[in-house]
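Q: I'd like a close look at just one part of this model. Please walk me through it slowly, as I'm new to this.

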Amino acid sequence: MIFRSVTSRLIFFYCLLLVVLGGAFLAFTVLSFQHYTRETLTSILSVRAGEVWNISGGLLDQPIRLHDTIERRFAPESQDRFIRIRAGSAVLYQSGNPTSGEFSAKLVAIGPPVAEGQVSPVRVLGNLLLLSRSFRDPNGNLVTVDAGQSDLFAHALQQRLATSLFVGLPLLLVLAALAGVVLMRRALTPVEVMINAAETYTFNDPHKRLPTLHTEPRIEALGLALNRMLDRLDSAYSHASRFSADAAHELRTPLTIMRGELELVASGERLPSDVDNAISNALEEMTRLSGIVDSLITLSRMESLWGKQAHGPVDLTALAQETIEQMNLLAEEKQISLPRPSGPPVVVAGDRDRLKQILVNLLDNAIKYTPAGGRVAVQTGTNGDMGFVTVEDSGIGIDPSHHDRVFDRFYRVMPDRGDGGAGLGLAIVKSICNAHGGSVSLRSAPEVGSCFKVEIPLLPVAAESKMAAADAAAATTVAGK
Amino acid sequence: MRILIVEDEKKLSDILQRSLKSEGYMVDGVHTAADGLEYAKTYHYDLVIIDLQLPDGTGTTLLKQVRELGHTMPALILTARSDIDSKVENFQAGADDYVVKPVAMAELSIRVQALLRRGPALQENVLKAGPLEINRLTRQVKRDGKRIELSPKEYSLLEYLFLHSGRILSRSMIVEKIWDQSFEGLTNIVDVYIGHLRRKIDEGHDLKLIRTVRGLGYMLDTDQLT
């Protein structure tokens with residue numbers, strides 16, 4: 001799961017690469033160090049064998065002096081050195097065991113014979129590197145000098161090197177992975193910004209575009225490409241929305257003509273009852289059609305008004321009381337109780353007539369879909385910087401499967417129900433809410449009832465107090481006169 | 001009374017002419033702004049009805065030109081544009097009324113009548129129609145001399161029907177007049193109020209004053225009284 005993210009995959013692969021490279025580096029370092037020490041020791045030993053010969057060449061027959069001279073010059077025991085001078089199989093001199101005890105001088109075997117003036121290849125005897133060189137003495141005898149040196153020190157160094165690399169490499173990996181996470185985060189910041197912008201994109205504010213940060217050309221290109229896509233969507237959407245507005249506009253004149261013709265006929269001489277009936281029916285449908293045309297035009301106007309709505313102070317509580325007063329009879333007819341909301345004023349910024357239309361549409365629906373003897377309740381209040389109105393009924397409710405779509409144009413929960421509605425009432429409610437920078441939501445259960453909640457931004461306190469001050473000033477002026 | 005109609009949609013112009021002629025007006029119909037201006041210069045009109053979208057210019061321009069000529073007759077704008085900006089612009093250009101299509105002929109004729117009646121309107125405080133009597137000052141209603149108690153909305157509705165008695169008032173006209181624009185489309189409220197009004201005015205009487213004209217609206221029927 002976690003390997004699906006580009007960040008973790010990238011970090012995983014480059015850590016893997018680091019392990020491989022680090023391992024190769026480690027092996028190469030250790031091996032080349034080993035090789036280097038061997039080479040160095042070999043040349044040192046070769047030179048030392050020569051020196052041993054030079055100082056001991058004339059002393060081969062005086063064992064005590066030979067011993068003293070070599071001891072003075074080379075101090076083999078304290079320096080972990082091994083020196084042996086032999087003529088054939090007779091040992092003329094042999095150094096003792098080193099003080100560190102890294103090898104045992106007595107056990108150093110005699111190698112194969114070496115031709116005069118030649119240097120034998122290095123032999124490894126435990127910790128000891130051994131090299132033999134042959135010389136001919138003035139008596140014509142072949143004398144071989146064995147020079148040896150413990151390489152334990154080099155081994156220890158090598159070990160140390162390997163250990164420090166073994167410890168350092170994982171540490172390096174952890175640091176590299178952390179740095180990778182941080183770097184990827186930084187690199188993906190523009191993407192995060194774009195995601196946030198895209199999440200808040202709605203057609204209510206169709207001119208909003210994703211920010212394009214000039215940090216990474218490919219990501220900037222992605223932002224630009226998405227913005228071009230939004231342009232096309234926007235134009236398609238506004239085309240569709242303009243289409244319905246244009247169509248509605250174009251329908252107005254023919255509707256007037258048809259209506260006029262029918263009215264003239266209807267107001268003429270007494271007509272046979274079937275003709276009269278037909279004309280009345282046609283006129284009723286014409287009225288309905290005019291209503292739909294008006295609603296569509298209202299909708300498109302609301303959409304074009306987004307954020308540009310004239311914003312005066314409107315008290316939702318007073319507006320609800322007034323609207324209920326005007327619609328009370330509709331509820332009374334069905335013995336539905338519709339109490340007036342009581343509560344403090346909820347002053348929002350908005351267009352009074354439009355906000356009232358929200359209440360009218362919601363109340364009309366609530367009364368329409370609540371059976372006789374039911375109850376419709378309106379409440380107002382504030383929630384943070386939003387003012388709200390809820391219209392709750394004890395009606396037939398709306399099945400949850402419809403909740404997402406009830407605010408769509410022409411969507412009707414029960415298309416067969418001949419209530420004359422075109423399914424535009426709630427779409428208008430939503431468009432008015434959006435035009436005010438607010439929202440509408442629905443909570444409903446079948447057979448229990450529905451509750452519509454409309455939220456509109458409160459009038460900013462500064463503006464409100466300014467207006468109150470203006471009112472007070474006006475009052476003073478009047479009183480002063 | 002002579003009326004000029006400037007409307008490029010020939011069928012609509014035709015139905016307007018026929019409708020207004022049947023009301024007893026003399027009507028001229030033209031289809032372009034240029035013709036409209038010519039007619040306005042040539043003849044005396046008591047009212048002009050202007051469409052905003054004309055083939056050779058806007059109705060607003062025509063209205064301004066007519067006003068510049070010094071004609072003060074009432075002007076009614078008939079248009080498909082319902083935005084506030086357009087309304088304001090045309091009222092500023094000298095319009096007296098602004099009607100958005102689609103419009104019922106009954107409504108148009110009432111508006112025409114109202115515009116032509118402008119000026120020293122007859123301000124009767126007590127109106128009578130047969131057995132019904134309303135006092136516009138005290139807002140009292142009597143039938144056969146008996147007081148009838150009405151709610152403020154019911155009274156407004158009855159008064160509106162009274163002032164246009166004998167004419168059909170559409171539900172949308174009533175809503176616009178008695179309620180307000182936000183009730184646009186909510187015409188069922190009118191039916192409910194008419195029902196209540198009927199119960200108070202007509203119940204128990206053989207002579208029913210409030211008549212329903214299906215498909216068109218309601219009227220206070222005063223024809224049957226004469």
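A: Strand 9 (residues 386-393) and strand 11 (residues 449-457) of chain A pair in the antiparallel sense, with seven bridges between them. Strands here are DSSP runs of E with at least two residues, helices are runs of H or I with at least four, and both are numbered from the N terminus; two strands pair if DSSP finds at least two bridges between them. This is a predicted model, in which local features need pLDDT of at least 70 and side-chain atom pairs count only at pLDDT 80 or more, while totals for chains, interfaces and linings use all residues. Residues are numbered from 1 along each chain as its sequence is written, and chains are lettered from A and ligands numbered from 1 in the order in which they are written.

Now zoom out to the whole sheet. It's an open one with four strands in chain A, ordered 8-9-11-10, and the pairing is antiparallel. Strand 8 (376-383) and strand 10 (439-445) are at the edges with a single partner strand each, so one side of each has no neighbour in the sheet. From one strand to the next, the twist averages 15°.

Helices pack on this sheet too. Helix 6 of chain A touches strand 8 and strand 9, and its direction makes about 170° with that of strand 8. Helix 7 of chain A touches strand 8, strand 9 and strand 11, and its direction makes about 20° with that of strand 9. For those angles, axes are lines fitted to C-alpha atoms (for helices, over the stretch in contact), and the angles run from 0 to 180 degrees between N-to-C directions. Contact means that the C-beta atoms of two residues, placed from the backbone, lie within 7 Å.

What covers its buried residues includes helix 5, helix 7, strand 10 and strand 11 of chain A. The buried ones include L426(A), I428(A) and even K430(A). Just past the end of helix 8, G437(A) has a positive phi of about 75°.

Conventions:
Buried ≥ 20, exposed ≤ 12 C-beta atoms within 10 Å, placed from the backbone.
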